[in-house]
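Have a look first, then read on.

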Amino acid sequence: MANHKRSKKAGMPPGSLIHVGKKKKHTPKITIFDYNEESFTEKVAKKVEECFPFKERATVTWINIDGVHDSEIIEKLGKHFRFHPLLLEDIMNTEQRPKIDDFGDYLFVVAKMLQYNEQKDQIVEEQISLILGSNFVISFQEQEGDIFDPIRERIRQKKGRVRTMWSDYLVYALMDVIIDNYFIVLEKLGEKIEDVEEELLVNPSQQTLQDTHALKRKMISLRRAIWPLRDVISGMQRTGSVLIKKPTAIYLKDVYDHTVQVIDTIETYRDIISSMLDIYLSGISNKLNEVMKVLTIIGTIFIPLTFITGIHGMNFKFMPELEWKYGYFATLGVMLVIGLLMLLYFKRKRWI
Amino acid sequence: MANHKRSKKAGMPPGSLIHVGKKKKHTPKITIFDYNEESFTEKVAKKVEECFPFKERATVTWINIDGVHDSEIIEKLGKHFRFHPLLLEDIMNTEQRPKIDDFGDYLFVVAKMLQYNEQKDQIVEEQISLILGSNFVISFQEQEGDIFDPIRERIRQKKGRVRTMWSDYLVYALMDVIIDNYFIVLEKLGEKIEDVEEELLVNPSQQTLQDTHALKRKMISLRRAIWPLRDVISGMQRTGSVLIKKPTAIYLKDVYDHTVQVIDTIETYRDIISSMLDIYLSGISNKLNEVMKVLTIIGTIFIPLTFITGIHGMNFKFMPELEWKYGYFATLGVMLVIGLLMLLYFKRKRWI
Amino acid sequence: MANHKRSKKAGMPPGSLIHVGKKKKHTPKITIFDYNEESFTEKVAKKVEECFPFKERATVTWINIDGVHDSEIIEKLGKHFRFHPLLLEDIMNTEQRPKIDDFGDYLFVVAKMLQYNEQKDQIVEEQISLILGSNFVISFQEQEGDIFDPIRERIRQKKGRVRTMWSDYLVYALMDVIIDNYFIVLEKLGEKIEDVEEELLVNPSQQTLQDTHALKRKMISLRRAIWPLRDVISGMQRTGSVLIKKPTAIYLKDVYDHTVQVIDTIETYRDIISSMLDIYLSGISNKLNEVMKVLTIIGTIFIPLTFITGIHGMNFKFMPELEWKYGYFATLGVMLVIGLLMLLYFKRKRWI
Amino acid sequence: MANHKRSKKAGMPPGSLIHVGKKKKHTPKITIFDYNEESFTEKVAKKVEECFPFKERATVTWINIDGVHDSEIIEKLGKHFRFHPLLLEDIMNTEQRPKIDDFGDYLFVVAKMLQYNEQKDQIVEEQISLILGSNFVISFQEQEGDIFDPIRERIRQKKGRVRTMWSDYLVYALMDVIIDNYFIVLEKLGEKIEDVEEELLVNPSQQTLQDTHALKRKMISLRRAIWPLRDVISGMQRTGSVLIKKPTAIYLKDVYDHTVQVIDTIETYRDIISSMLDIYLSGISNKLNEVMKVLTIIGTIFIPLTFITGIHGMNFKFMPELEWKYGYFATLGVMLVIGLLMLLYFKRKRWI
Amino acid sequence: MANHKRSKKAGMPPGSLIHVGKKKKHTPKITIFDYNEESFTEKVAKKVEECFPFKERATVTWINIDGVHDSEIIEKLGKHFRFHPLLLEDIMNTEQRPKIDDFGDYLFVVAKMLQYNEQKDQIVEEQISLILGSNFVISFQEQEGDIFDPIRERIRQKKGRVRTMWSDYLVYALMDVIIDNYFIVLEKLGEKIEDVEEELLVNPSQQTLQDTHALKRKMISLRRAIWPLRDVISGMQRTGSVLIKKPTAIYLKDVYDHTVQVIDTIETYRDIISSMLDIYLSGISNKLNEVMKVLTIIGTIFIPLTFITGIHGMNFKFMPELEWKYGYFATLGVMLVIGLLMLLYFKRKRWI
């Protein structure tokens, strides 16, 4: 099942609704939460049209759509809510970079949700698009997921501040959950790094090198997904849009601090991994040195001795020492002395 | 066929119309599109003078010229449209860096069009110059190409927004197509990188190193062509020129985001390629280690044993053990034991 | 005893009071200093409620709490002093990055206290949170410590300026002590670096490499703890808050200079450490060279000579030279000459 | 002939006229061009005093002085034109960094002229100082040169815009020629790089390494001479001085673009050179691998076989196989089989 | 004689006068210059109190104190001139980073004076503190030195502008001398670099590596001392303080340019040194290659030949070739051919 590639969009007019990303087939699930401090409604919409009435209500409405590959749904929604075509195009293009666009009446935020799949040892990346209007939030996920469940629970049970505040706070809460998930991914990677580092010092092998390399690539992709988020959030803080109310500002600062901390950790990990590669290389060189020392010691001791036996193994008629009674033992003795001297030499050079 | 070099312009007065770049001979093709929401004309001009009447028309006119090596055409056009001599000079110098110049009445944009030639495994670079006036756009390509065909089709068939908007939107659309092409080039390079990486882990050779190096050089040249474009587009956004109308701003933001994403991908690829080189080097060191281990194991086992045979091959008259009945087998036994001990030692050291 | 991890907070509403960091069990100790130029009271509070009356007093009150793992204390305090829930959450999360938050009525500062534990050869990091109100400072440490004792002493004995100035000066004094401690840590590390460098030049071993690597990791973590502090302090300078009075500004500039100096030193150490790794690698290569030279010299001299003995050890019937009277001595002579020529060759090549 | 060093100026009062740079002896040549759109005078001045009358003329005067080692000339000129002593000092110090100083009545610009001396394979650097007054330009070169000849020709023949514009345009034209010369140098270096790269892939030697190193050093010095120029030119653009007239601005932008392009090329070359060094190192490692493989193959095959011959060369009385009729051929057969097995093993390991 | 360490100040109240740096014992020497355009007084003060009357005089007074380890002098001076305690503390702490503090009535500047001690091959660093008041300059050196002598001479002999200008010009003149000294140090280091580079190409040894490393460390410490000075001087330019008069601005710009040039040179040297390390490493690898080639050539030629002699040295009863008349010579011939073929093979591979 081939993925939809970004390149197939080349030449298309802007605003073309083409899904870019992993091919998906499931029918997108649409859930609606509508609430204010007093009331609360939750429903699963079978058709996208069921969302439309909420546009006019004074209460906060959160529409969550699990799936961005169905251009029909996106288009209908976009038409009713009068979203800019470029925004709709961006929702369907899951290779978007995290960003924020201010369209006046609504803000559009793209972020990446990350999860660490331990079985496949992979970081799974999913694009989350959020549209913040004055009385609604629409969120798009690539597939059904449960990371927003804690917020749903909070809304249902009136826990925390979410029911007493506006739509901007809901967007903050969603971003907060996304970023909290980064910490989980980073902690898992941190453990992996420690494992590999341990192995590197104890028993480095070609596999360890490849593990290190895999970690490095993970860091590169993490970085790519998270770095731009910093600008996104500081963009939300400074946007000056009336959609972001005063009391939410301090929460955005908090989520900004978390993002910076995540980035900090990524940079630290990168530093550690790159110095792990240095250690690996020195380790190999050290090993080579050791191997060569063994060969050199053996060779340096026995090659001259073998030469001596060679001398006495020659078949010349006239070789006086061969006739001596203790010639043999004398030769053995000489060889022993030479061998010991060699060993002494190596000891001095601290090779053994 | 030597190229025209930049250096030959040294000392010439500014505004000298000298073609710099690959030597070309074909007659430049001039096509004219003239349109507004209601009407549409398309024609191929035989002489550059045919373009002149369009200067005064209220409709949007798009003049596309395939070839910048003919100074006569450029000069005539420049004279009639009253372009600055430096602008004309820049059009003919195809080693220009992407840039934007605001001349008041018109904007001048230089960008690079990239295509990946799979047969030659090369990235082909072509300079695109765009002049945006209030009611016209003039585009210059180095040679005939078809990347702008989708836009031509959209104009002809009134698809998308292009017919309903102004000349600035046309410039945006051209830029958008150029940048969409970058994604195609990058995807091809991404596949190449994966191939080389695969090879690097499975069966690295001198060729793999050269492939990696070639990829790196491609990245360097890509970077050089695309990085400045970011400033060009943000320059268009902030220029404050009346030529860029409000509704186009959001489209420029979109094309800016794409450029940033392209740059992001390039940087990621650079990171990956540079860590591929590290892997290659460690791979070589590892191999050397293995080679040396084989030699050392063989040498360390057999050199001492050969010494023992040497001892017994000496021709001393008096060597008591030679007379013993089972001296030979005893010696063989001793040698076997020594050999086995050595093997045990290597096993312990995890060399075998 | 597992640590509390940051990840367990994922999905919790903001302001949830969850301790993140090393598990602790001790009962937090609360000490109160209340002073102005004339009067001074010091007491140890058994219950957090004892702090409350000081909130209204005109004198400067310094409440120090040794332990941030008890959410009850933090919550009560927060309620009475009306601190923002996010601030309370940050106090309990000891994996915070150094930062400053301006809440209008009070400033919130997070910094890292560092100590070098020589026995374990570790840098111990502790989070210090400071809340600056108009007439109070509340400081939180992770565990009981004595680094603030000099300030306590100064308050008790009316030494220095602290008793004559406001709460902002107290915060400065606390920060100053924290940063002074960085110098101690850096000096210890500087000594370590010199030790390892010495060893590197005299007798490098695998252990030296690991020591270097450990130093590098220490630098990475130091950097992470201290870099953000620069922005924190310049943030205090530029905050424009009425809580920071004019006369304290020059002191903040001073503490800022110290931070920059600490960062400078860290960067210098990083440079030195990274060039130590280069030296280590060259050292290994040099050693390998030397080892190989020994083997090559021995091999190159004796392998040809052994070949000569081999020739004369062959058992052909007809080998005229074997019959010659001085054949043996002539052969020995030839071998001697060959050996000497080889030595000469090596001398010329400056290998010996 | 020792050079004049910068250090000898230590302790001298500012404005001391001391020549710093390569020792020179020739008498500086002074040429004067005086022109406006209608008239034109050219003369070679024998004494510096001949320049003085031109100070008051309304026409543009260009005084070019080939040689800055004669403090007398500089001093007289400075006195008459009332230049600041620091400016005069800077003219004579040829180790100046490119810079721009705005003295109100006149601008002072320092740039480096570069030429590639192919015989010596060196980049020759010469300092050009320009003083721009409202109706005059004074240029200083270190020695007689002809790079400004094209401009002289243009003035004489009234080609281009130079005769119709002011002194600021003349300064621009001089800068333009200087920067055009950078392209020539870069193209030569580009060719050199390609040569060395070719050699690196085909037949790398110690010499290739030194060539690469030499290229790198050239890049370092180029960079040093050209980088600051960017700030100089953007400084000219933004200076706000009345000396830079509006119509010249677009020309300065053009020359700025060229400088950026030069810098871009330098950075690209640096990247290429540094990856050439990587290739060189991998090449060496590869070669070592190959060398060691040959030794290992030979050694691994013949050392065990020689051991077998050693066994049968022992002189034990009782060695049954020696008596067998086909013992010899059997042994030869066994050795052949062992040898072939070894070869097979190496083939499998892809060593041969 | 242990140095005074920065760490002992931890916990002390700000403004504590503790000497940090190399222990000193000499009595600080105090010299006073008092001058204006007409008059001039010079005296050596025995007690610090002799300086006090000059505070009120309208003439410019320059007090130079050689030694900052005597807290009594500093304190008395500070009290009379009403300097801020932090300033006094900074004077005595000789591990200060170059900086500028604006205290309103006076400016405080810290810089590093550098000298190259050729005997010890060390860069000696000394801290210079300058206090600029409206009618006085107080300079502090760590020990008696003569670098300011040229300025003293200029004051005495009314050379240059110093006598006609204000205290700010004197500070400029002192800074200028300090920075001029950097050029001397850099020139010496430049020579050293050339020496080491020469050696690196001709006859690299372990010592060369250590020399390179020593140069690198020198660069690191130079950088640390000089980099911040740039900000100091641009701080002086932009301070807006009335103490810095208009005519001095152009001189500060000049001294700023010099600092930038020094920094530029340092960066260039760093680049050169780091590419020297690359060359060293490649050199070692090259050498190893050569060594291994010799061994491989010898081994590859003689090991098979020795095997052949081994075959004919076996004692089998039935070995037909041994009986042949010319068997011996035939064997010698075969061995010669094999040897020559091997040589040919190596020649082809360009190993010899």
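**Helix packing in chain B**

In chain B, α6(B) brings B:Ile297, B:Thr300, B:Ile301, B:Pro304, B:Leu305, B:Ile308 and B:His312 up against B:Thr331, B:Met335, B:Ile338, B:Gly339, B:Met342 and B:Phe346 of α7(B) (contact: C-beta atoms, placed from the backbone, within 7 Å; helices: DSSP runs of H or I, at least four residues, numbered from the N terminus). This is a predicted model: local features need pLDDT of at least 70, side-chain atom pairs count only at pLDDT 80 or more, and totals for chains, interfaces and linings use all residues. Residues are numbered from 1 along each chain as its sequence is written, while chains are lettered from A and ligands numbered from 1 in the order in which they are written.

**Geometry of the pair**

- α6 (residues 246–312) and α7 (residues 327–348) of chain B pack at about 160°, axes 10 Å apart (axes are lines fitted to C-alpha atoms over the stretch in contact; angles run from 0 to 180 degrees between N-to-C directions).
- That makes α6(B) roughly antiparallel to α7(B) (angles over 145 degrees).

**Helix α8 in chain A**

- Its buried residues are A:Gly327, A:Tyr328, A:Thr331 and A:Met335 (buried: 20 or more other C-beta atoms within 10 Å of the residue's own, C-beta atoms being placed from the backbone).
- They cover an arc of only 105° around the axis, so they lie on the same side of α8(A) (the arc is that of the directions from helix axis to C-beta atoms).
- The buried residues of α8(A) pack against α6 (246–312) and α7 (320–323) of chain A.
- After α8(A) comes A:Arg350, with a positive phi near 60°.

How values were computed
A residue is buried if 20 or more other C-beta atoms lie within 10 Å of its own, exposed if 12 or fewer, and partly exposed in between; C-beta atoms are placed from the backbone. Helices (H or I, at least four residues) and strands (E, at least two) are DSSP runs, numbered from the N terminus. Two residues are in contact if their C-beta atoms, placed from the backbone, lie within 7 Å. Angles under 35 degrees count as roughly parallel, over 145 as roughly antiparallel, 65 to 115 as roughly perpendicular and the rest as oblique.
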